[in-house]
Amino acid sequence: MDKTKDYITKYLNQVKEICDLINKDEVAFLADGIRSLKERKGRLFVLGVGGSAANASHCVNDFRKIVGIECYAPTDNAAELTARINDEGWDTCFVEWLKGSNFNEQDAVLVLSVGGGSSTTSQNIVRAVQHAVERKASVYSIVSRDGGYARRYSDVCVLVPVVEESMITPHAEEWQGIIWHLLANYNYEN
């Protein structure tokens with residue numbers, strides 16, 4: 001029992017530390033970006049893989065239901081996603097999905113990712129961000145580590161601080177939820 005309680009205390013202390021370190025200005029800029037997207041009647045496309053794909057699905061629900069933004073996650077349509085992966089490849093599945101959705105400059109992508117993509121990881125996210133930049137659409141991200149490709153090309157990036165190397169993934173994914181819940185409720189109430 002003591003070992004379990006020690007682990008719980010350590011984990012929750014890390015969550016508190018991230019709470020103190022998170023850049024509140026970036027969160028505020030992201031809130032403003034979401035508000036602007038809603039005002040211009042743009043659509044939000046939420047991109048994530050693994051646990052971040054599950055977060056993307058939940059995020060879509062909140063932004064559609066609470067905020068009233070037309071919002072989608074390509075990972076919610078398993079048939080189309082797997083057909084694209086099979087026929088076109090993993091690297092292009094998101095960008096081709098965006099093209100099929102007539103993604104344009106009024107829209108935005110929100111990247112939920114642990115690392116944000118690089119030359120060797122999450123190429124589907126990297127290529128979707130490249131497409132968004134080419135279309136002059138907004139790019140937002142909630143990422144960790146150094147933020148990767150998503151951070152470099154985001155209009156606004158909330159970077160989840162690394163407080164322990166072995167806990168990057170769980171903290172990145174839990175903070176995605178904290179931030180999008182904050183944004184959804186802020187934009188609903190204000």
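Predicted model: local features only at pLDDT ≥ 70, side-chain atom pairs only at ≥ 80, totals over all residues.
Residues are numbered from 1 along each chain as its sequence is written, and side-chain values use heavy atoms, with hydrogens and water left out.

**Salt bridges**

- Glu80 pairs with Arg84 in a salt bridge whose closest N and O atoms are 3.0 Å apart.
- These two residues are separated by about one helical turn because Glu80 and Arg84 are four residues apart in helix H4 (residues 78-88); helices (H or I, at least four residues) and strands (E, at least two) are DSSP runs, numbered from the N terminus.
- Glu80 counts as partly exposed because its relative accessibility is 25%, the classes being buried (under 20% relative accessible area), exposed (over 50%) and partly exposed (in between), with a 1.4 Å probe and protein chains only.
- Arg84 has a relative accessible area of 16% and is therefore buried.
- Arg84 also meets Glu88 in a salt bridge, at 3.2 Å from N to O.
- Arg84 and Glu88 both lie in helix H4, four residues apart, or about one turn of the helix.
- Glu88 is partly exposed, with a relative accessible area of 39%.
- In helix H5, Lys99 forms a salt bridge with Glu96, the closest N and O atoms being 3.3 Å apart.
- Lys99 and Glu96 are three residues apart in helix H5, so about one helical turn separates them.
- Both partners are partly exposed: Lys99 has a relative accessible area of 41%, and Glu96 has a relative accessibility of 24%.

**Trp97**

- Trp97 is found in helix H5, which spans residues 93-100.
- Trp97 counts as buried because its relative accessibility is 6%.
- Leaving aside residues up to four places away in sequence, Trp97 touches Phe45, Tyr72, Ala73, Pro74, Glu80 and Arg84, where contact means heavy atoms within 4.5 Å.
- The C-alpha atoms of Trp97 and Met1 are separated by 48 Å, and the two residues are 96 apart along the chain.

**Nonpolar cores**

- The largest nonpolar core has 30 residues; such a core is a set of buried Ala, Val, Leu, Ile, Met, Phe, Trp, Tyr and Cys residues joined through side-chain atoms within 4.5 Å.
- Elements that give two or more residues to this core include helix H2 (24-39), strand E1 (44-47), helix H3 (51-67) and helix H8 (168-189).
- Residues with the most contacts inside this core include Leu30, Leu44, Val46 and Phe63.
- Not counting residues up to four places away in sequence, Val46 touches residues including Ala56, Cys59, Val60, Leu110 and Leu112.
- A second, separate core of 21 residues includes Phe45, Leu81, Val129 and Tyr149.

**Positive phi values**

- Lys41, a residue other than glycine, has a positive phi near 60°.
- Lys41 sits in the loop between H2 and E1 and counts as exposed, at 72% relative accessibility.
- Lys136 is not a glycine either, and its phi is positive at about 60°.
- Lys136 is placed in the loop between helix H6 (123-134) and E4; with a relative accessible area of 68%, Lys136 is exposed.

Terms used. Salt bridge = Lys/Arg side-chain N within 4 Å of Asp/Glu carboxyl O.
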